[in-house]
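Visitor: I have a model open and would like a guided walk through it. Could you take my questions one at a time?

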Amino acid sequence: MDIVEMEVDKLYRDQFGKMLSSLLRFSDDIDLEAAEDVVQDTFSAALVAWKMDGLPDNPAAWLYKVSRNRALNKIKEAKKFVRKNAGGGGDWIGEGNVGPEDPVVQSMPLDDEQLVLLFACAHPDLAPKVQVVITLKYVVNLKVEAIARILGLTIDGIDKMLSRARQKIRDERILFHEPSAAALIPRVHSVHKVLYLIFNEGYKSSWGKELIREELCEEALIMTRALSRSVVGDRETHALYALMLFNAARIKARFGRDGELLDLEEQDRTLWDQDLIRLAMVNLEFAHGGGASTYYCEAAIAGLHCAAETFWATNWNAIIRIYKQLIGLQANPFVELNYAVAIYYSGDREQALGILHELEKQAFLGRYYLLHASLGRIYAAEGNKERAKEYLETTLRLTNAPDEIAFVQRLIKKME
Amino acid sequence: MQKFMLIVREDLAQLKRDGEAERFRRMRIMTAWAESLQESVNFLGGEPLEITRRWVTRDQVLSDGPFIESKEGISGYIMINAENIEQAAAIAQGCPLVQQGFLIMEVSPILLNNGC
């Protein structure tokens with residue numbers, strides 16, 4: 001490799017992601033796919049130009065300038081194209097969204113078999129849980145026994161779900177026709193939910209105790225990445241991908257030496273995977289500007305946790321602001337619980353306890369183990385051992401999960 | 001996404017006979033189910049009702065009402081988000097208490113003002 005090739009190679013590794021995100025921030029009129037093409041072309045052009053004329057004074061600046069000019073040309077061309085083909089029909093490209101009428105999108109079929117199947121499984125008539133089951137069966141290719149174990153269901157129950165769902169899949173038109181982006185776009189949201197649920201199934205229970213769960217997280221990550229790179233992936237896909245990456249980055253720190261569950265405060269933050277966090281941050285930037293989605297909010301919250309050097313250095317005020325946004329999108333008592341906990345750590349104990357005790361009065365939430373666990377921990381932190389113990393002991397009566405039980409017992413022990 | 005109400009119907013007389021402890025046991029199952037619905041971004045809220053009733057008609061207030069012997073009464077409600085009524089029904093079908101035959105659910109979209 002000569003010096004120019006080496007320089008281009010190094011810049012590519014260092015700058016590719018940054019150039020991409022800078023282009024996407026530079027203009028709403030360019031989507032990720034087009035931006036990737038532009039950056040790629042810019043590097044090819046650099047190789048040719050620098051071999052002829054030698055390295056410029058500031059190679060990185062050269063790259064950014066050329067890529068911006070190329071992006072501008074591309075946007076102008078696209079606008080001309082739309083005007084010519086759609087008869088001036090709207091400024092969709094200016095809005096940065098893709099609708100079913102887009103001539104450009106329709107001509108680009110999905111090339112990934114797995115993705116098409118994924119869309120078929122996200123049939124809108126099926127319950128999300130059933131969508132997850134058939135996705136695990138037909139896309140991830142898990143056996144019924146494995147699916148039953150992962151989801152805590154009986155084999156018989158899975159079989160029943162499958163037989164009902166098979167009919168829907170058989171009726172599924174997108175499997176048998178050349179799938180057009182237009183047919184897939186209305187379903188992207190359902191696909192996101194399936195991927196989110198699959199990742200969570202892998203994530204929420206004991207890491208490392210069952211290898212299959214680890215694979216589940218990986219499968220969800222791979223599918224989400226593929227979706228984010230396909231023509232039907234949108235900003236929400238990037239938000240979801242960022243959320244998964246932030247969580248995946250912290251996976252190794254979630255359990256202690258003896259396999260015990262550790263919370264955010266106890267985790268050894270040096271075990272967090274900084275490469276995954278960086279990748280997540282890039283995806284969070286790609287997701288920016290797409291309007292707030294629940295995944296975007298959750299990813300932003302996870303990102304703030306990942307960015308904090310210590311638990312006490314966490315930017316709780318920013319987290320509270322995002323929770324408020326999340327409640328606007330998805331008001332339910334479970335989100336309020338998390339909101340209240342964040343308020344407590346931001347220093348407003350009165351307001352936090354007010355919300356939690358209000359939730360306690362509700363018949364359903366009053367029997368939710370995490371509500372009691374949160375109250376127990378707060379009273380323990382406040383030095384009110386008696387009330388703390390009461391709440392933690394109620395928690396033990398409300399959950400059957402061995403990890404959670406061990407965790408709460410440890411909290412009780414620590415207090416004594 | 002559309003909002004749906006799942007109206008929970010149970011044999012109220014039986015529920016009374018079963019006692020508080022049994023009702024609380026079932027509520028815990030509902031809580032766990034609500035948690036799974038919240039994970040799939042479907043749960044909006046819900047509450048169980050007390051068994052005490054008053055039936056009101058034009059002429060009088062009937063303290064126990066004429067329906068106390070009827071098998072089913074409304075024992076609570078759940079609000080969810082779903083793609084369509086098929087999915088909402090499929091979600092309701094997944095409730096463990098429905099599957100164990102303790103209750104049935106009536107699923108209906110919430111009427112929106114379409115202008116008139």
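Guide: Gladly! Please keep in mind that this is a predicted model. Line up your questions, and we can begin with helix 3 of chain B, whose buried residues are Gln87(B), Ala88(B), Ala90(B), Ile91(B) and Ala92(B).

Visitor: Which helix of chain A do the buried residues of helix 3 of chain B pack against?
Guide: Within chain B, these buried residues pack against strand 1 (2-11), strand 5 (72-82), helix 4 (96-99) and strand 6 (104-109). They also reach across to the other chain. The partner there is helix 7 (128-138) of chain A.

Visitor: Which helix of chain B gives the most to the side that touches chain A?
Guide: The contact between the chains takes 23 residues from chain A and 24 residues from chain B. On the chain B side, helix 2 (20-39), strand 2 (43-48) and helix 3 (85-93) each supply at least two residues. The top contributor, with 8 residues, is helix 2 of chain B.

Visitor: How many residues on the side of chain B that touches chain A are charged?
Guide: That side of chain B has 24 residues. Sorted by class, they comprise 9 nonpolar and 9 polar residues, and the charged ones number 6.

Visitor: What pattern does chain B follow along its sequence?
Guide: Chain B contains 4 helices and 6 strands, and its C-alpha trace spans about 45 × 40 × 20 Å along the principal axes. Of its contacts between residues at least 6 apart in sequence, 77% join residues at least 24 apart. Read along the sequence, the pattern is β-α-α-β-β-β-β-α-α-β.

Visitor: And chain A: how many helices does it have, and how many strands?
Guide: Chain A has 416 residues, of which 35% are buried. Among its contacts with a separation of 6 or more, 60% are between residues 24 or more positions apart. Its secondary structure comes to 21 helices and 0 strands.

Visitor: Are helix 16 and helix 17 of chain A roughly parallel or roughly antiparallel?
Guide: Their axes are 9 Å apart and the packing angle is about 160°. Angles over 145 degrees count as roughly antiparallel. Helix 16 of chain A is therefore, relative to helix 17 of chain A, roughly antiparallel.

Visitor: How many residues in the contact of helix 16 with helix 17 of chain A are nonpolar?
Guide: Helix 16 of chain A brings residues including Trp316(A), Ile320(A) and Tyr323(A), and helix 17 of chain A answers with residues including Val335(A), Tyr339(A) and Ile343(A). By class, 3 residues of this contact are polar and 1 is charged, while the nonpolar count is 11.

Visitor: Is the crossing of helix 17 and helix 18 of chain A left-handed or right-handed?
Guide: Helix 17 and helix 18 (residues 349-361) of chain A pack at about 155°, with axes 8 Å apart, and are therefore roughly antiparallel. Among the residues that meet are Leu337(A) and Val341(A) in helix 17 and Ile355(A) and Leu359(A) in helix 18. The crossing is left-handed.

Visitor: One last stop: is Phe311(A) buried, partly exposed or exposed?
Guide: Phe311(A) sits in the loop between helix 15 (294-307) and helix 16 (316-329) of chain A. Leaving aside neighbours within four places in sequence, Phe311(A) is in contact with Leu264(A) and Glu265(A). A residue needs 20 or more C-beta neighbours within 10 Å to be buried, and 12 or fewer to be exposed. Because Phe311(A) has 14 inside 10 Å, it counts as partly exposed.

Note on methods
Residues are numbered from 1 along each chain as its sequence is written. Chains are lettered from A and ligands numbered from 1 in the order in which they are written. This is a predicted model: local features need pLDDT of at least 70, side-chain atom pairs count only at pLDDT 80 or more; totals for chains, interfaces and linings use all residues. Two residues are in contact if their C-beta atoms, placed from the backbone, lie within 7 Å. Ala, Val, Leu, Ile, Met, Phe, Trp, Tyr, Cys and Pro count as nonpolar, Asp, Glu, Lys and Arg as charged, and the others, Gly among them, as polar. Axes are lines fitted to C-alpha atoms, for helices over the stretch in contact, and angles run from 0 to 180 degrees between N-to-C directions. Angles under 35 degrees count as roughly parallel, over 145 as roughly antiparallel, 65 to 115 as roughly perpendicular and the rest as oblique. A crossing is left-handed if the near helix is turned anticlockwise from the far one by less than a right angle, and right-handed if clockwise.
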